[in-house]
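Please find below a short note on this structure, written for a colleague who is meeting it here.

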Protein chains: 2
Amino acid sequence: MKQEMLILAGPASPRTAEHLAELTGAQLVKVEYKRFPDGESYIRLPVSVEGEEVVVVQTTYPEQDKRLVELLLMIETAKDLGAKSVTTVAPYLAYARQDRQFRDGEALSVKTVLRLIEAAGATKFVTVDIHKKESLSWLSIEGINVTAVELLSEHLKKQKLSNPVVIAPDVGAKWRAEKAAEILRGETVVLEKHRDRITGEIVTKGVEVDLRGRDVVIIDDLISTGGTIANAAKIAKKKGAGKVYVACTHALLIGAAMEKMVKAGVDEVIATDTVPSPVSVVGVAPAIAKVL
Amino acid sequence: MKQEMLILAGPASPRTAEHLAELTGAQLVKVEYKRFPDGESYIRLPVSVEGEEVVVVQTTYPEQDKRLVELLLMIETAKDLGAKSVTTVAPYLAYARQDRQFRDGEALSVKTVLRLIEAAGATKFVTVDIHKKESLSWLSIEGINVTAVELLSEHLKKQKLSNPVVIAPDVGAKWRAEKAAEILRGETVVLEKHRDRITGEIVTKGVEVDLRGRDVVIIDDLISTGGTIANAAKIAKKKGAGKVYVACTHALLIGAAMEKMVKAGVDEVIATDTVPSPVSVVGVAPAIAKVL
C-alpha cells in the first residue's frame, strides 16, 4: 500500500481501480479510451507516467480478446513512456482454464496470455482466484494470486446462516470450502465431479450427509454455465437442506446459468466484481490492495 | 517457394492459405478451431510441427482483437511444439493505422501488435500493403510488406478502360497510382486531402484536369468509411469522367461505405481478399507466395 503509486483504470475495471485508489491512497488516473468505427481500441494515458510506479487495472471479461489487447496496449504504453514499474492487475484472467494440453497440439493458452503480458512490459502480475495457481509459474516476473474466499465468506456471515454446511462441488474447491467453513463456523462437504467422456455431461456423486434444517453454501472459483453448481444444489436439496447459497469469485453466467441454478434450488448467488454481473456484490479490491 | 513448408491455415484465412499451398506446393494444414461458450478461442495444431518450417496464415479483420489473439496462440503453439521457423502472414494487419503518437500518451498500437507477434515466436513476418512501411522497423525479425497494386491493376486491365486516369486520393497513395498507371498505360493524378481539425471532416482539393471521355481508377490501400474515395469520385465526375473504378487492397467497408461511394458516382469497386467483403475479388496469395 503505497501512496506514491499511480493507479491506471482500464476501461474494463473503473470501479475496482477507484476502490484500489481509495484503499491505498494512490492517485487514480482514468485511461482515455474509445472504440474506432472499425472496432479497434484507442488507448491514451492522460498523465505523465515517467519514473512512476504504475498499477494497470483491467479485467479481461467479457470480450476477453478485446480486453486483453487493451490491457497489453496500456502496459506497453506505460513502459514506453518511462514508468518505473508496471504492476498489472487482471482481476479475472481470460484463458486461465486452458492451462494444459489436454490433447496433443493444443494451445496452452494461459501460458501465451501470461507471457504476452510480461512481454508487453509488466513487472509484476496480480490476479484473483486463477483457475490453477501453478499457471503463474509461466511468468518470470513476480506473479501473485489472491483469493476472494474471505471476502465472500464475510459477506455471507451477515446472512446469519443456520448451522451451515459449505459444499465444495468438486475436489478442486476443497480448500476454498474449508476456508469458508472456518469463517462461517460450519462444516465442509466435498463432492466428486466427473465429466462424462462421451456426452461431456457433468455427473456429481451424492454424499451421505443429512442436511435437514441446515443452510448450505456452495462455493467455487467460477460459474460458467452453472451446471456444476446446479448438480451440487440438487444433491443438497435432496438431503433436506434449508437455504442454498452460492458464492463464487467470477460470475461469468453464460446463457441460462442463473435459471439453471434457481431451478435446482439455489436461493441466492453472490459473486465478486472481478467480472460484471447482476450478482457481483462483493468488491474484490481489499484482497488486491494488500499485495500492491 | 519451398515445397517442404507446412502452411497452417488460421480460422480467418482458409482460402488465402489454401491458395498459398497451391502456389508453393507446400502441405496445407487446417488449424482446429472453436469458440467456447464464454467466447474464448480454442486452437489446436492437428499435425506435428516439430522441426518443420511453418507458415501461419491469419488475417486480423474483422474482430481484430479476436483474430489477433488466435494468431498469437497459433504462433506460440507452433514454436512450443518445436517448429524450426514460424513465418507469420497477416494479410491485413490490425492497428496499422495507429502508427504514431498523434497526442502525448497515446498507445503506439502497431508497435505493440508487431512486438507481440515477435514475442509469441514469429521468426519472419509478412503483410500486405501495410499503412506505413516504416512500421515494420519495430520488428527485430525480418518484416516484409508486399503490395497488391500489380494484382489489382492486372485485374482492372481486363476491363478495357478508355484512356484511363489513375487517381491517388491523397499524396500517400501517389506511388500506388503511378504503379497502376504504368500497368494500365494511363496517366496519374494526385489529389490533396486535408482533415478539418475542428470538424474532423475530410476535404479534398479539386484538380485542373479534363476527364471528359476518360475512365478513372481511384486507388488506395484501404477503404474504411469510404469518405476519402467518395470525395475523389465526386471530383472526377465533376471533371466529366466516364466510368469510375475503385481499387483497394483492404475493403473494410464500415457502415454505409458502399452506398456513399456509389452515390458519389463510383461504378465498380474491387479489392483483394485480405479481408472478406462482397468486393474482395482479387486473391492476394500470388504476391505473398513470392516472399515465403
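1. Two strands are said to pair if DSSP finds at least two bridges between them, where strands (E, at least two residues) and helices (H or I, at least four) are DSSP runs numbered from the N terminus. On that basis, five bridges join S5(A) to strand S6 (residues 85–90) of chain A, the two running parallel, and A:Val55 stands opposite A:Thr87 in S6(A).

2. This is a predicted model, in which local features need pLDDT of at least 70 and side-chain atom pairs count only at pLDDT 80 or more, while totals for chains, interfaces and linings use all residues. Residues are numbered from 1 along each chain as its sequence is written, chains are lettered from A and ligands numbered from 1 in the order in which they are written, and side-chain values use heavy atoms, with hydrogens and water left out.

3. Strand S5 (residues 53–57) of chain A is also joined by four bridges to strand S1 (residues 6–9) of chain A, again in parallel, with A:Leu8 opposite A:Val56. Four of the five residues of S5(A) are buried (under 20% relative accessible area, 1.4 Å probe, protein chains only).

4. Turning to the interface, 43 residues of chain A are in contact (heavy atoms within 4.5 Å) with 43 residues of chain B. The rule finds 10 salt bridges across it (a side-chain nitrogen of Lys or Arg within 4 Å of a carboxyl oxygen of Asp or Glu), and the side chains of A:Lys111 and B:Asp80 meet in a salt bridge at 2.3 Å, N to O.

Technical notes: Buried means under 20% relative accessible area, exposed over 50%, partly exposed in between (1.4 Å probe, protein chains only).
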